[in-house]
Amino acid sequence: MKMQDILFICGNTTRTKAYLQAMMKADCLPGRCLIMTEEYTKLRAEATTRIDSLKNEPYFDAEVPLLWLIQKAGVAYDFLEVKDVNSPIVSDALRSSPEPYIVYSGYGGYILKPHLFQIEKRFLHVHAGLLPQYRGSTTAYYSILQEGYIGASAIFLEERLDAGNIICEDKFPLPPSDVNIDYIYEPYVRSQVLVQALRQYKEQGKFTVRQQSKKEAETYYIIHPVLKHLAMLKVAKQGETA
């Protein structure tokens, strides 16, 4: 049974594929999906590719076509011919949508602008870092360097960056050194926290949230390549000693 109060708005990204596969496994599928893309014809063509099943990958199948996956899940969908979530096309679609909750998995570089928060919807987003300790960008790598783990937090977005109320959060061990963190492991980590949040709503009929502590808040910016390299060395070293 689909969660009819949940609308999934997404881009054609690896994270979206991770989210969908996690939701399928957890039986926490959204009632409907809005796909933001300027290449809907290409997505339709890819969906006709003959695939018998998802690849049995340790985290998720990153290569499966997005629309094939949505059809496999049996989720109703529509296209929005735009990549920018702040487009009037998106806000018009959201205003006319009955679902009160929106799981958001957009394209990188697009931060929700104030007009979207004036729509009577709650945007559920999974941030790649424990909050409020790791606000901002590329926080997975800062967490690796400082804590030796990767975290993720499911929050309701608000205008202040990464400052919304927390639904749930979790920590995950460092991946094997041959696993791509940006492309595979971080989306996987986020997907697992997403389904924790959705299970909460499915079982309790509501989301239980808590406010972030202001004392612990720290905002990070795109990590310097040298620091990122050091983080990757730490992952590799952990693999050697495991």
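## The largest pocket

In this predicted model, the largest pocket has a volume of about 860 Å³. Its lining is made up of 32 residues, and those nearest the centre are Arg 15, Gly 108, Gly 109, His 125 and Arg 190. If you are looking at the structure now, these five residues are a handy place to start.

H7 supplies the largest share, with 5 residues.

## The sheet

Next, let us turn to the strands. The model has an open sheet of 7 strands with mixed pairing, in the order S3-S2-S1-S4-S5-S7-S8. Strand S3 (76–80) and strand S8 (166–172) stand at the edges; each has a single partner strand, so one side of each is left without a neighbour in the sheet. From one strand to the next, the twist averages 20°. As a reminder, strands of a sheet pair through backbone hydrogen bonds, and they do so either parallel or antiparallel.

Both kinds of pairing can be found here. Strand S1 (residues 3–11) and strand S2 (residues 30–36) run parallel and are joined by 6 bridges; Met 3 has Pro 30 in S2 as its bridge partner. Strand S4 (residues 101–105) also runs parallel to S5, with 3 bridges between them, and the partner of Tyr 101 in S5 is Arg 122. The pairing of S5 with strand S7 (residues 150–156) is antiparallel and has 4 bridges, with Leu 124 opposite Phe 156 in S7. S7 and S8 are antiparallel as well, joined by 6 bridges, and Gly 151 is partnered by Lys 171 in S8.

## Two enclosed strands

How many residues of S5 are buried? The count is 5 of the 6, so S5 is largely enclosed by the rest of the structure. For S7 the count is 7 of the 7 residues, so this strand too is largely enclosed.

In a regular strand the side chains alternate between the two faces of the sheet. S7 is covered on both faces: Ile 150, Ala 152, Ala 154 and Phe 156 are buried on one side, while Gly 151, Ser 153 and Ile 155 are buried on the other.

## Nonpolar cores

Which residues have the most contacts inside the largest nonpolar core? They are Met 23, Ile 35, Leu 124 and Phe 207, in a core of 62 residues. Helix H7 (residues 181–204) gives the most to this core, with 11 residues. Leaving aside neighbours within four places in sequence, Met 23 is in contact with Phe 8, Cys 28, Leu 29, Pro 30, Leu 194, Val 195 and Leu 198. Apart from this core lies another, of 21 residues, including Val 85, Val 90, Ile 102 and Tyr 104.

## Leu 43 in helix H2

Leu 43 sits in helix H2 (residues 40–47). Is Leu 43 buried or exposed? Its relative accessibility is 1%, so Leu 43 counts as buried. Beyond its neighbours within four places in sequence, Leu 43 contacts Asn 12, Ile 35, Thr 37, Leu 66, Leu 67 and Phe 79. Leu 43 and Leu 67 are 24 residues apart in sequence, and their C-alpha atoms are 6.1 Å apart in space.

## Helix H6 and the backbone around it

Helix H6 (residues 139–147) has these buried residues: Thr 139, Ala 140, Tyr 141, Tyr 142, Ser 143 and Ile 144. After H6 comes Gly 148, with a positive phi near 80°. In the loop between S6 and H6 lies Thr 138, which has a positive phi of about 45° although it is not a glycine. At 27% relative accessibility, Thr 138 counts as partly exposed.

Two other backbone spots are worth a look. A cis peptide bond joins Leu 131 and Pro 132, with omega about 5°. Pro 132 belongs to the loop between S5 and strand S6 (135–136).

Technical notes:
Residues are numbered from 1 along each chain as its sequence is written. This is a predicted model: local features need pLDDT of at least 70, side-chain atom pairs count only at pLDDT 80 or more; totals for chains, interfaces and linings use all residues. Side-chain values use heavy atoms; hydrogens and water are left out. Buried means under 20% relative accessible area, exposed over 50%, partly exposed in between (1.4 Å probe, protein chains only). Two strands pair if DSSP finds at least two bridges between them. Axes are lines fitted to C-alpha atoms, for helices over the stretch in contact, and angles run from 0 to 180 degrees between N-to-C directions. A nonpolar core is a set of buried Ala, Val, Leu, Ile, Met, Phe, Trp, Tyr and Cys residues joined through side-chain atoms within 4.5 Å. Contact means heavy atoms within 4.5 Å. On a 1 Å grid over the protein atoms alone, a cavity is a set of points where a 1.4 Å probe fits but cannot get out, and a pocket is an open set with protein on both sides within 12 Å along at least five of seven lines; lining residues have an atom within 4 Å of a point. Grid points are joined across faces, edges and corners, and a volume is the space filled by probe spheres set on the points.
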